[in-house]
There are 2 protein chains.
Amino acid sequence: MRLCFQTESVPWFVRSSKLHLSPIMNINTLSEREETSPDFQFKVLATDGKARRGAITMPRGTIRTPAYMPVGTAGTVKAMYMDQVRDLGSDVILGNTYHLMLRPGAERVAKLGGLHEFARWPHPILTDSGGFQVMSLAQLRRMSERGVIFQSHIDGRKYDLTPERSIEIQALLDSDIQMQLDECLALPAENKEIERAMELSLRWADRSHTAFKAQSDHKARAMFGIVQGGDNPELRVKSAQALKAMDMKGYSIGGLAVGEPQEVMLKMLDITCPELPKEKPRYLMGVGTPDDLLESIARGVDMFDCVMPTRAGRHATAYSRMGKINMRNARHAEDHRPLDEMSDCPASSQYSRAYLHHLMRSNEALGGMLLTWNNLAYYQYLMQGARNAIEQGRYADFMANTKAGWEKGDIEVLE
Amino acid sequence: MRLCFQTESVPWFVRSSKLHLSPIMNINTLSEREETSPDFQFKVLATDGKARRGAITMPRGTIRTPAYMPVGTAGTVKAMYMDQVRDLGSDVILGNTYHLMLRPGAERVAKLGGLHEFARWPHPILTDSGGFQVMSLAQLRRMSERGVIFQSHIDGRKYDLTPERSIEIQALLDSDIQMQLDECLALPAENKEIERAMELSLRWADRSHTAFKAQSDHKARAMFGIVQGGDNPELRVKSAQALKAMDMKGYSIGGLAVGEPQEVMLKMLDITCPELPKEKPRYLMGVGTPDDLLESIARGVDMFDCVMPTRAGRHATAYSRMGKINMRNARHAEDHRPLDEMSDCPASSQYSRAYLHHLMRSNEALGGMLLTWNNLAYYQYLMQGARNAIEQGRYADFMANTKAGWEKGDIEVLE
């Protein structure tokens, strides 16, 4: 018996009786994302405690918040067709400046009509600044006040990334929501080091902002400043206040989920969010697990990106209403049941667990394709659930019921 | 300018103005494949020279011949959704007995409802006998009159494959068209060795046939005998005549495209096909290039399977009306044009060459997904063209025009 349903009585898209690749979603807010505005706008449409239900509207469409943004690292959400990504309810995807500047190159993407045209995603795109991946992937970095010089991890070629160049690259990619260049430290780190990086990031925020405002169509877009300060409450507050004074169009919270416990991350959100202006969107970078998302939404975060659902999918982990499920586990080998019969994502409801298990054990591409699809569907299902719950003033219940489902765990082993 | 069109004035499926994953094909013969028959039947519907346009009808549907069968090695056509495979015009797919008996195991597939249910392909499935891959993949083989004992290349487990067990496995998989166990040699080989293997294969054909006819529902299915004899005309004739006397439901031609030049293979077809009964389907195993397919059809072959379109796709080779195209080539790096704007396969017509190039250079899963899709679309396009041409008595023209397109080569490099 399955008793772990959430209170979401109506699935967020209608089940179809036919096999298909592109489920049509029956969400009453779905037409909302096709709405456009010549200028970048953000509206908070409803609140429930600190949780916010909002909408960012731009020339390329509307992002319903809270929003999870699938990560399209190198111009592709790994192992997915963009049509599937869109059909799952994604309003915006993320592109990685670091990856794209190395290959195929920002100028080449611009020549080919921009990232939307290149990757066949005509909807909003958010890009990071490249800074985070320079720290984690590139070789032979040399940091200075001016910027960072590094060698490509692909071919050793040398690149020069300054706040101005990062913004230029993001403009070449035709990014709708751009990020300032910042310095992101791994935690734990010394307070002195955290402060130095935070102060540098503030100066880079100012330079990035100046470069952004020089873009002729900057009103249609946004650049977000990034709050740093590690796990130090005072530095977080100082960073947020300084950025608020710069009057950015939105604010990112960076340097979290980089090694610290979840409670530290949530404490930083508790401290940071109240310092940020209510009328601007808040984006928690690179976070996180389904639980991280729900807890962060409860603290006033509006946007997320994370590679977890895509990366985990390729490594046989399925996210679901019943928690994390390891599809390589032998318990699935002869289980004819789908991952989640209540889902309308074909990957979740139309393939047997035995087949998914077999595909992952056999290293078949379709295994990663299907589990990625399932995981992105689940993340978007969570976001839709959160948006509905905030609108209806029952976000705390939604979060509790969702967690109870995870706690209860997977359906019973088939006898 | 593109002047290399084939005489096929109407593409075999209609172009849609919308992005989609599942093109609906406008083939006048498409309803044909949904026709069923309680017994296995084959009809030659039209001939043009030695080329035949036919139809195999079974409980699970109709296979329009000439037919190319995508290879679904381990219960998945690599990097494809089955819905896509079907939508491209595939009437039947191939499953590999060797792979499936090792993982997930024939008894397990049977327990899960058979291969059709397991892999979500409710249409006809043809299986090989496992013999070919025992020779090419397994370790520590021991051949005897009785069969072959081998160790799995996956985990070293020992298996015993006899003609009877091969047929039993194929029945457990619920295969619609089964193959006798045979011994397939690589060429060149000594005549004495070729004769020994051919004679053994004939004895195994008889044993396989007996086992097949013991299946309670064998009338709804077929088992094909396999002509062997290497590159020796006399042995080929002897094999074909002996199999003909056994009155199989269809005949495979095995042991070709195993190292010999194309002209040797075609000569063997010239010799073998006339020895086979006109009213039975003929299947050339494991062949081949688009050119191999057209030349073989001209000699009276009805069915093909080959990993080339799927394997080549994962390695950046696109098959097209303009011949083979290497998508890793730098000429595509800034080419905004699609692979083939005339195709209605989204992979071929809706993604830029620059994007495909980027995906392959970046080892992104989507690259292999798209090129596999393109290649299977092209193979099925060729088959549909062949079927139309035979019906209209212009197969020689079709073949010549198609080859002229390949000869002319790719569209000009973009300036």
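Let's start with charge: over all chains, this structure holds 62 salt bridges. Please keep in mind as you look around that the model is predicted. Side chains of opposite charge can pair when their charged atoms come close.

Now let's turn to the place where the two chains meet. Here 39 residues of chain B are in contact with 39 residues of chain A. The size of an interface is often given as the accessible area lost when the parts come together. For chain B and chain A, the area buried between them is about 3,700 Å², and 58% of it is on carbon and sulfur atoms.

Charged pairs turn up here too: six salt bridges are found across the interface of chain B and chain A. In one of these pairings, the side chain of B:Glu364 meets that of A:Lys78, with 2.6 Å from N to O. The interface of chain B and chain A also has 20 residue pairs in polar contact, both residues being at pLDDT 80 or more. Which helices of chain B each supply at least two residues of the side that touches chain A? They are α1 (82–87), α3 (106–111), α4 (115–119), α13 (353–361) and α14 (365–391) of chain B. Sorted by class, the side of chain B that touches chain A has 20 nonpolar, nine polar and 10 charged residues.

Next, look within chain A at a pair of helices. Two packed helices are described by the angle between their axes and the distance between the axes. Helix α14 (residues 365–391) of chain A packs with helix α15 (residues 395–408) of chain A at an angle of about 150°, and their axes are 8 Å apart. That angle makes α14(A) roughly antiparallel to α15(A). On the α14(A) side, the contact is made by A:Tyr378, A:Leu382, A:Gly385, A:Ala386, A:Ala389 and A:Ile390; on the α15(A) side, by A:Tyr395, A:Phe398, A:Thr402 and A:Trp406. By class, the contact of α14(A) with α15(A) has eight nonpolar residues, two polar and no charged ones.

Finally, some backbone details are worth a visit in the loops of chain A. The peptide bond from A:Arg103 to A:Pro104 is cis, with omega near 10°, and A:Pro104 lies in the loop between α2 (97–102) and α3 (106–111) of chain A. The peptide bond from A:Leu187 to A:Pro188 is also cis, with omega near 0°; you will find A:Pro188 in the loop between β10 (177–179) and α7 (191–213) of chain A. A:Ala316, a residue other than glycine, has a positive phi near 80°, and its place is in the loop between α11 (308–314) and β15 (317–320) of chain A.

Definitions and conventions. Residues are numbered from 1 along each chain as its sequence is written. Chains are lettered from A and ligands numbered from 1 in the order in which they are written. This is a predicted model: local features need pLDDT of at least 70, side-chain atom pairs count only at pLDDT 80 or more; totals for chains, interfaces and linings use all residues. Side-chain values use heavy atoms; hydrogens and water are left out. Contact means heavy atoms within 4.5 Å. Buried area is the accessible area (1.4 Å probe) that two parts lose on being put together, summed over both. A salt bridge is a side-chain nitrogen of Lys or Arg within 4 Å of a carboxyl oxygen of Asp or Glu. A polar contact is a pair of N or O atoms within 3.5 Å; within protein, one must be able to donate a hydrogen and the other to accept it, and residues adjacent in sequence count only if both atoms are side-chain atoms. Helices (H or I, at least four residues) and strands (E, at least two) are DSSP runs, numbered from the N terminus. Ala, Val, Leu, Ile, Met, Phe, Trp, Tyr, Cys and Pro count as nonpolar, Asp, Glu, Lys and Arg as charged, and the others, Gly among them, as polar. Axes are lines fitted to C-alpha atoms, for helices over the stretch in contact, and angles run from 0 to 180 degrees between N-to-C directions. Angles under 35 degrees count as roughly parallel, over 145 as roughly antiparallel, 65 to 115 as roughly perpendicular and the rest as oblique.
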